[in-house]
Amino acid sequence: RYSKGSDVMGMLATVMVDGGGPIPRALKFIGTVFRHPLQYLRTLWPIGFAQKSIILLVMQTLDDSLKLVRRRRWIWPFTRSLTSAEGEVPTYIPVANQFARKLANRIGGIPQSSYNEVLLDVPVTAHILGGCCIGATPSDGVIDLENRVHGYKNMYVCDGSVIPANPGVNPSLSITAFSERAMALIPPKSMINVFSFEKKWKVQQLLATRSVGSRTSRTGTGGSRTSGVSRKKSKTTPRKKTNQAAGSSNKKKSKARAGSRKKAARR
Ligand SMILES: Cc1cc2nc3c(=O)[nH]c(=O)nc-3n(C[C@H](O)[C@H](O)[C@H](O)COP(=O)(O)OP(=O)(O)OC[C@H]3O[C@@H](n4cnc5c(N)ncnc54)[C@H](O)[C@@H]3O)c2cc1C
């Protein structure tokens, strides 16, 4: 379903017309309008469409492909844009129309298709996937297991194109999961996101002595900004005393901590 307020999407839909056969689909559309004038008129009224309509998404397990090419538009502004190459995409999926009709019959609805399908014989797809698949070598795929483009340094692909095939469900969560995984695999760079005043006040070193072994990160430097301003005072703040209470009473532990502080500072 579309959410409330998405009624404008109803303007993309009209009465359902099958493709295939010798008669052009646009002619069949005119025939359908004459046979079902009331249904056609109802499809022209978009108010309430989002709340009253069910969108049926057809997902097949067939091995299919879509080739995108850059082509000049024949309508204004006549710019070049990506468009699918003709002849490769099925324009009509009979089982989808059969199912839509069956469902409409059950619920007393009107089976509909998009205008571009019935007038131009051009189908609609919302899930274009698989253009830059993962492969162990450049001959098997565009990217490796960490989303890095084979043969390029610091070039990543993190979008729907890395999903190798139709998962059979809506893909955006999988796309997000793949992208988050790729980001998590990028090692942190030292001194990343450090402001100039942080360098001047040696916040990094201060951070290293305050939280031994912690990694430099946005959260780390953010937290240190407050402590940086009052860093002299912080040596005697109760919080620090509590954190280090055990350490200050134990010489061995404080020696060990001093060692790890040095290590962290070197890092
Ligand atoms: C109508 C519709 C409904 C959908 N409904 C669902 C759904 O309910 N659930 C679901 O899981 N999926 C749904 N999808 C599919 C889902 O939205 C896509 O699979 C997903 O968004 C693809 O993610 P992506 O990162 O690959 O590309 P996109 O989300 O398209 O991101 C590409 C980004 O690149 C930007 N961009 C393009 N060119 C340039 C350029 N030259 N320079 C800079 N930026 C550029 C674009 O502005 C865009 O922000 C729907 C898709 C459509 C069209």
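## Salt bridges at arginine 25

In this predicted model, arginine 25 and glutamate 117 join their side chains in a salt bridge, at 3.6 Å from N to O. The partners are far apart in the chain. Arginine 25 sits in helix 1 (residues 25-35) and glutamate 117 in helix 5 (residues 115-120), 92 residues apart. Both arginine 25 and glutamate 117 are buried.

Arginine 25 also forms a salt bridge with aspartate 121, with 2.8 Å between the closest N and O atoms. Aspartate 121 lies in the loop between helix 5 and helix 6 (172-184), so this pair ties helix 1 to a part 96 residues away in sequence. Arginine 25 has 6% relative accessibility, so it counts as buried. Aspartate 121, at 30%, counts as partly exposed.

## Other salt bridges

The count of salt bridges comes to five. One of them pairs the side chains of arginine 148 and glutamate 146 at 3.6 Å, N to O. Arginine 148 is partly exposed, at 34% relative accessibility. Glutamate 146 is partly exposed too, with a relative accessible area of 27%.

## Ligand surroundings

A polar backbone atom of glycine 160 is 2.7 Å from a ligand oxygen. For proline 171, the distance from a polar backbone atom to a ligand oxygen is 3.4 Å. At serine 172, a side-chain N or O atom lies 2.7 Å from an oxygen of the ligand. The protein covers 30% of the 990 Å² of accessible area that the ligand has on its own.

Notes. Residues are numbered from 1 along each chain as its sequence is written. This is a predicted model: local features need pLDDT of at least 70, side-chain atom pairs count only at pLDDT 80 or more; totals for chains, interfaces and linings use all residues. Side-chain values use heavy atoms; hydrogens and water are left out. A polar contact is a pair of N or O atoms within 3.5 Å; within protein, one must be able to donate a hydrogen and the other to accept it, and residues adjacent in sequence count only if both atoms are side-chain atoms. Accessible areas come from the Shrake-Rupley method with a 1.4 Å probe; for residues, only the protein chains shown count as cover. A salt bridge is a side-chain nitrogen of Lys or Arg within 4 Å of a carboxyl oxygen of Asp or Glu. Helices (H or I, at least four residues) and strands (E, at least two) are DSSP runs, numbered from the N terminus. Buried means under 20% relative accessible area, exposed over 50%, partly exposed in between (1.4 Å probe, protein chains only).
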